[in-house]
Amino acid sequence: MGLKLKGKTAVVTGGSRGIGRAIGLRLAREGASIGILALHEDKAQKTGAEIKALGVEVIALGCDVTDYAQVKAGVEKVHRALGSIDILVNNAGIDKVQPFVETDHSSWDRIIDVNYRGFLIACHVCIPYMIEQKSGNIVSLGSDAGRIGNPGEVLYCGTKAAIMASSKALARELARYNIRVNCVSPGPVRTDLWNNLHEGEKGEKVTEAVTRAIPLRRLGTPEEVADVVAFFVSEDARYLTGQVLSVDGGLTMIG
Ligand code: NDP
């Protein structure tokens with residue numbers, strides 16, 4: 001690791017916990033200033049303090065990605081304090097496992113709003129800064145669930161596929177401004193999200209079965225996803241745009 005991102009500012013949505021926290025720490029180790037936008041201000045600030053201890057500038061804010069005005073105000077604050085918006089990592093996301101026919105249709109909006117509308121909002125707010133400076137990098141969290149489908153995750157899979165499809169369209173629209181747009185598509189990663197969905201004995205059994213299906217025979221870590229995000233936003237990936245890369249120990253191997 002070096003200081004490949006010195007002078008750059010990265011906005012990480014859902015940067016307080018799990019994969020988002022690891023991404024903030026990883027990009028900070030490359031010298032980037034970090035703006036964390038997460039639902040709960042106290043959690044954002046706790047992780048913000050950890051990142052600050054690495055010696056970079058940090059703005060950590062409570063911000064619901066489903067609320068356009070909050071995201072706009074949050075990104076403006078980051079821009080004012082840190083000077084630019086060079087990198088956007090769309091990471092905030094939620095999941096709920098339930099057979100589709102048993103879902104209450106009134107519960108659909110929240111997952112669509114957080115996962116997909118949140119992605120659209122953060123892109124819509126950040127892209128004008130990137131167009132203005134004629135450079136930028138957007139990396140979004142897709143999911144293998146959105147590439148191959150998972151039972152009990154009809155809504156989640158749809159939102160993740162939408163993020164991956166819209167990222168490709170954005171990559172085509174924004175290439176002329178020197179803005180690259182890519183997705184990482186994790187397989188199972190041990191975070192609060194995974195643990196909450198796989199509680200108890202039944203959950204452990206599912207985790208064991210999934211582990212057996214992964215060629216590298218273990219779940220991923222948040223840091224392993226963060227390393228790939230750091231690659232995508234680095235100069236080493238300067239000729240990559242519109243790509244989706246699975247980070248899953250070989251679970252899906254999509255061509
Ligand atoms: P966690 O549940 O551990 O963390 C979720 C993060 O999103 C938290 O920082 C949370 O903030 C934030 N968040 C949730 N809702 C909102 C909102 N409305 N506005 C702003 N921030 C919000 O999740 P993971 O780290 O596991 O997942 C991160 C991303 O990776 C998600 O997009 C997920 O779909 C994707 N992913 C995860 C996989 C896994 O196995 N873990 C596999 C494939 C993809 P707060 O702390 O304030 O609650």
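This is a predicted model: local features need pLDDT of at least 70, side-chain atom pairs count only at pLDDT 80 or more; totals for chains, interfaces and linings use all residues.

Reply: Rolling a probe the size of a water molecule over the atoms shows where empty space is left. In this model there is one cavity of 30 Å³ or more, and the largest cavity has a volume of about 60 Å³. Its lining is made by 13 residues, and those closest to the centre are Asn-90, Asn-91, Ala-92, Asn-115 and Phe-119.

Me: Which element gives the most to the lining of the largest cavity?

Reply: Helix H4 gives the most, with five residues, and the elements that contribute two or more residues are H4 (108–133) and helix H6 (154–174). By kind, the lining residues divide into seven nonpolar, five polar and one charged.

Me: Now for the strand: are the residues of E1 buried or exposed?

Reply: A residue is called buried when its relative accessible area is under 20%. In strand E1 (residues 9–13), five of five residues are buried, with Thr-9, Val-11 and Thr-13 on one side and Ala-10 and Val-12 on the other.

Me: Which strands does E1 pair with, and in what sense?

Reply: E1 pairs in the parallel sense with strand E2 (residues 33–38) over five bridges, where Thr-13 stands opposite Leu-37. E1 also pairs in the parallel sense with strand E4 (residues 87–90) over three bridges, and there Val-12 stands opposite Val-89. Finally, E1, helix H1 (residues 18–29) and E2 make a right-handed β-α-β unit.

Terms used:
Residues are numbered from 1 along each chain as its sequence is written. Side-chain values use heavy atoms; hydrogens and water are left out. On a 1 Å grid over the protein atoms alone, a cavity is a set of points where a 1.4 Å probe fits but cannot get out, and a pocket is an open set with protein on both sides within 12 Å along at least five of seven lines; lining residues have an atom within 4 Å of a point. Grid points are joined across faces, edges and corners, and a volume is the space filled by probe spheres set on the points. Helices (H or I, at least four residues) and strands (E, at least two) are DSSP runs, numbered from the N terminus. Ala, Val, Leu, Ile, Met, Phe, Trp, Tyr, Cys and Pro count as nonpolar, Asp, Glu, Lys and Arg as charged, and the others, Gly among them, as polar. Buried means under 20% relative accessible area, exposed over 50%, partly exposed in between (1.4 Å probe, protein chains only). Two strands pair if DSSP finds at least two bridges between them. A crossover is right-handed if, with the strands pointing away from the viewer, the path from the first strand over the helix to the second runs clockwise.
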